[in-house]
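Here are a few notes to read with the model open. Have a look at it, then work through the points below.

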Amino acid sequence: ITIMTQTILLISEDATERAMLGAVIKDKLSYHVLESSDEAEAINLLVSQQREKPDLILFDISNLNQFSQKIAEVKMASHHIPLIVLTKYADYESAMVAVNSGAQDFLTKPVALERMYITFRNVLILSRIYSAKNGKSAPSLYHNDDIMSFSLLNDDGNVRQIHELEQEAINRAIKHYDGRMTEVARRLGIGRLVRQQFRCRQ
């Protein structure tokens, strides 16, 4: 059985940081990496008929200038490809601007390898489920207005634990496929994800 490696498009203006982050994603998380120096280069790649298309976009935004516009422009060109924003700004307002502009999730620097891996995995899994059902990209993980999305906050307004989010994601996948675990595994490539996670921890 041939295992297809998923591809991440990394957009970052800082060449040194882009190279370092790209190496980590490739060597530690076992993804194929495409690199772009800015959103204009990324858009050219996304609209090209000759270039490989990514499964996920990681957009490293170093400043807040035209923050929302940059995300929206990339999302317009990326169609159904999920997008995660990476930034040094950890405030709630920035996160909401990102997801309201079309991002599926939001990571803050410095980001732990485990957190990055879990975020990539969950966004890709939910995107596959949602695309199989609706033929388009999944909504942000911060919204709770669709059966295939869920809130990152509990009823008290606190951030939920990772294991709680993972369990809910699994439960929703099972519900979506009417309890057919073979279909869940086939659609989501669970065997490959487990192998990637094992390699990541070695």
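1. Let's begin with Ser30, which sits in the loop between H1 and strand S2 (32-36); helices (H or I, at least four residues) and strands (E, at least two) are DSSP runs, numbered from the N terminus. Its phi is near 65°, a positive value in a residue other than glycine.

2. Before going on, a word on the source: this is a predicted model, where local features need pLDDT of at least 70, side-chain atom pairs count only at pLDDT 80 or more, and totals for chains, interfaces and linings use all residues. Numbering runs from 1 along each chain as its sequence is written, and side-chain values use heavy atoms, with hydrogens and water left out.

3. Check the peptide bond between Lys109 and Pro110 too: it is cis, with omega about -10°. Pro110 belongs to the loop between strand S5 (105-108) and helix H5 (113-134).

4. How do H2 and H3 pack? Helix H2 (residues 39-47) and helix H3 (residues 67-78) have axes 9 Å apart, at an angle of about 10° (axes are lines fitted to C-alpha atoms over the stretch in contact, and angles run from 0 to 180 degrees between N-to-C directions). The two helices are therefore roughly parallel, the label for angles under 35 degrees. From H2, Glu39, Ile43, Leu46 and Val47 meet Lys70, Glu73, Val74, Ala77 and Ser78 of H3, with contact meaning heavy atoms within 4.5 Å.

5. Lys70 also makes a salt bridge with Glu13, the closest N and O atoms being 3.8 Å apart (the rule is a side-chain nitrogen of Lys or Arg within 4 Å of a carboxyl oxygen of Asp or Glu). Lys70 lies in helix H3 and Glu13 in the loop between strand S1 (7-11) and helix H1 (15-27), so the pair ties together parts 57 residues apart in sequence. The whole structure has four salt bridges.

6. Both Lys70 and Glu13 turn up again in the lining of the largest cavity, with Phe59 and Asn63 also among the lining residues.

Conventions
Angles under 35 degrees count as roughly parallel, over 145 as roughly antiparallel, 65 to 115 as roughly perpendicular and the rest as oblique. On a 1 Å grid over the protein atoms alone, a cavity is a set of points where a 1.4 Å probe fits but cannot get out, and a pocket is an open set with protein on both sides within 12 Å along at least five of seven lines; lining residues have an atom within 4 Å of a point.
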